[in-house]
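User: I have a new model open and would like a walk through it. Can you take my questions as they come?

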Amino acid sequence: MMQNLVGIIMFSCLALWGATELYNTLKVSRKALLCKTWPKANGLIVSSDIVTINIPSRHGSGVMYEPKINYSYSINAKKFSGNQIRFE
């Protein structure tokens, strides 16, 4: 009886995690499809860099690299700037 309950709880947790991951994937995919309809504009990369992030772990340390980009562009004579390079 207890094993069945543990199995049901584990399955429920796994199903919830899977549903959450599927939702997040579909949300990002929808944004990616919608961006195809955005107006196109020429832009200028104002600055770019790669930041090194040291990640400690039980097995030593690891390194992760993260791009940092600032850009500007204009649409219909209105200037914009940003630094986002992926959907969040």
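User: What kind of model is it, and what are the ground rules?
Analyst: This is a predicted model, where local features need pLDDT of at least 70, side-chain atom pairs count only at pLDDT 80 or more, and totals for chains, interfaces and linings use all residues. Residues are numbered from 1 along each chain as its sequence is written, and side-chain values use heavy atoms, with hydrogens and water left out.

User: What does the protein chain average in pLDDT?
Analyst: The average is 87, and 98% of the residues score at least 70. pLDDT is the predictor's confidence in each residue, from 0 to 100.

User: Which elements have the lowest and highest mean pLDDT?
Analyst: H1 has the lowest mean, 83, and strand S3 (residues 78–82) has the highest, 95. Helices (H or I, at least four residues) and strands (E, at least two) are DSSP runs, numbered from the N terminus.

User: Start with the helix, then. Where is Val6 found?
Analyst: Val6 is in helix H1, which covers residues 2–34. Val6 also belongs to a nonpolar surface patch of about 510 Å², made together with Met2, Leu5, Ile9 and Met10.

User: How are patches defined?
Analyst: They are made of residues with over 30% relative accessible area and no salt bridge; like charges are joined within 9 Å, and nonpolar side chains (Val, Leu, Ile, Met, Phe, Trp, Tyr) within 5 Å. The areas come from the Shrake-Rupley method with a 1.4 Å probe, and for residues only the protein chains shown count as cover.

User: Why is Val6 called partly exposed?
Analyst: Because its relative accessible area is 40%. Buried means under 20%, exposed over 50%, and partly exposed in between (1.4 Å probe, protein chains only).

User: Where is Val46, and how far is it from Ser81?
Analyst: Val46 sits in strand S1 (residues 43–57). From C-alpha to C-alpha, Val46 and Ser81 are 9.2 Å apart, with a sequence separation of 35 residues. Val46 counts as exposed because its relative accessibility is 55%.

User: Changing topic: how many aromatic pairs does the count come to?
Analyst: The count is 2. Rings of Phe, Tyr and Trp (its six-membered ring) pair if their centres lie within 6.5 Å; planes under 30 degrees apart count as stacked, over 60 as edge-to-face and the rest as tilted.

User: Why is the pair of Tyr73 and Phe80 called stacked?
Analyst: The ring centres of Tyr73 and Phe80 are 5.3 Å apart and the planes are at 15 degrees, so the pair is stacked. Tyr73 is partly exposed at 29%, and Phe80 is partly exposed at 32%. Ring pairs join Tyr71, Tyr73 and Phe80 into a cluster.

User: How many salt bridges does a search of the whole structure find?
Analyst: The search finds 1. Glu66 pairs with Lys68, and the closest N and O atoms are 3.1 Å apart. A salt bridge is a side-chain nitrogen of Lys or Arg within 4 Å of a carboxyl oxygen of Asp or Glu.

User: Last one: how many disulfides?
Analyst: The count is 0, where a disulfide is a pair of cysteine sulfur atoms within 2.5 Å. Cys13 is exposed at 51%, and Cys35 is partly exposed at 27%.
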